[in-house]
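I opened this notebook to keep track of what I looked up, one topic at a time. The entries follow the order in which I went through the model.

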Amino acid sequence: MDDNSLPKFDVLPQHVGFIMDGNGRWAQQRGLPRYKGHIEGAKTFRVIGEYAADIGIKCMTFYAFSTENWRRPKEEVNAIMNLFREYLKEADERKAENEEKGIHMTFLGDRSNLPMDMKMLMNKIERVSGKQHKVIVNIAINYGSREEITHSAREIAKKVKSGVLSPDDITEETVTNHLYTAGQPDLDLIIRPSGEHRLSNFMLWQAAYAEFWSSNVLWPDFSKEDLNEALREFEKRNRRFGGV
């Protein structure tokens with residue numbers, strides 16, 4: 001996209017989280033099986049991710065599949081996993097392009113019960129993508145924030161047990177540095193379409209001072225204009241971080 005045609009913002013969030021909600025409802029409203037909504041939602045993810053990078057957002061996280069989503073119908077879960085597999089293959093094929101653009105992709109979540117071929121692709125993409133990165137794209141897959149914080153605590157406990165770390169030396173920074181997002185900025189803005197107003201176990205630690213924006217638009221219909229609206233609203237927010 002031509003830079004001259006892009007909107008300009010006085011203030012941009014460093015890190016935006018997208019809770020991609022409403023795919024199943026989008027399909028049901030059209031008399032389609034729920035997995036069809038995830039196919040459309042995947043298209044929206046590509047469009048919004050590229051556009052967000054174009055307008056200058058340096059870090060974004062897309063909530064693709066939570067640790068609780070395994071409870072959904074098997075057909076829907078299989079469809080989501082197949083979509084993710086296809087996306088990984090596509091990302092692997094585009095690795096040279098992503099590296100040229102400075103895009104670093106990373107995957108947040110517990111990979112232990114994901115299919116082996118997907119884990120191998122995820123590891124490969126993380127190793128090669130955007131070594132001189134300008135933009136970080138996180139995809140949260142089999143992700144739950146409580147599990148992430150528990151994982152951080154477990155890793156810290158191992159260091160205490162081995163004598164590498166003293167309990168008295170544990171700080172908020174210590175916890176932060178053991179999260180999946182270590183080295184990344186905290187969330188500034190969380191966008192949740194579909195009319196819901198909850199975090200759903202999404203980046204609870206990183207969201208401590210995040211602004212929240214929601215709309216009734218279902219994720220497959222979420223557009224560049226909707227993102228612009230969220231960013232314009234963010235510009236107006238008075239962020240005091242607990243101060244006056």
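**Entry 1**

I began with N142, which I found in strand 4 (residues 135-143); strands here are DSSP runs of E with at least two residues, helices are runs of H or I with at least four residues, and both are numbered from the N terminus. I noted that this is a predicted model, in which local features need pLDDT of at least 70 and side-chain atom pairs count only at pLDDT 80 or more, while totals for chains, interfaces and linings use all residues. Residues are numbered from 1 along each chain as its sequence is written, and side-chain values use heavy atoms, with hydrogens and water left out.

I looked up phi of N142 and found a positive value, near 50 degrees, in a residue other than glycine. Most residues other than glycine have a negative phi. Is N142 buried or exposed? N142 is buried, with a relative accessible area of 3%, where buried means under 20%, exposed over 50% and partly exposed in between (1.4 Å probe, protein chains only).

I then turned to S194, which is not a glycine either and has a positive phi of about 90 degrees. S194 sits in the loop between strand 5 and strand 6, and S194 is buried, with a relative accessible area of 8%.

**Entry 2: E196**

E196 also has its place in the loop between strand 5 and strand 6. Which residues does E196 touch, not counting those up to four places away in sequence? I listed D21, R25, F212 and S214, a contact being heavy atoms within 4.5 Å. I also noted that E196 and G22 are 174 residues apart in sequence, yet 9.2 Å apart in space, C-alpha to C-alpha.

**Entry 3: helix 8**

Helix 8 (residues 224-236) has 13 residues and reaches 19 Å from its first C-alpha to its last, close to the 18 Å expected at 1.5 Å a residue; the expected span is 1.5 Å times one less than the number of residues. In this helix I found D226, L227, N228, A230, L231 and F234 buried. The buried residues of helix 8 pack against strand 1 (15-19), helix 2 (34-55), strand 5 (189-192) and strand 6 (211-214).

**Entry 4: the whole chain**

Stepping back, I counted 8 helices and 6 strands in the chain. Of its 244 residues, 46% count as buried. Among contacts between residues at least 6 apart in sequence, 74% join residues at least 24 apart.
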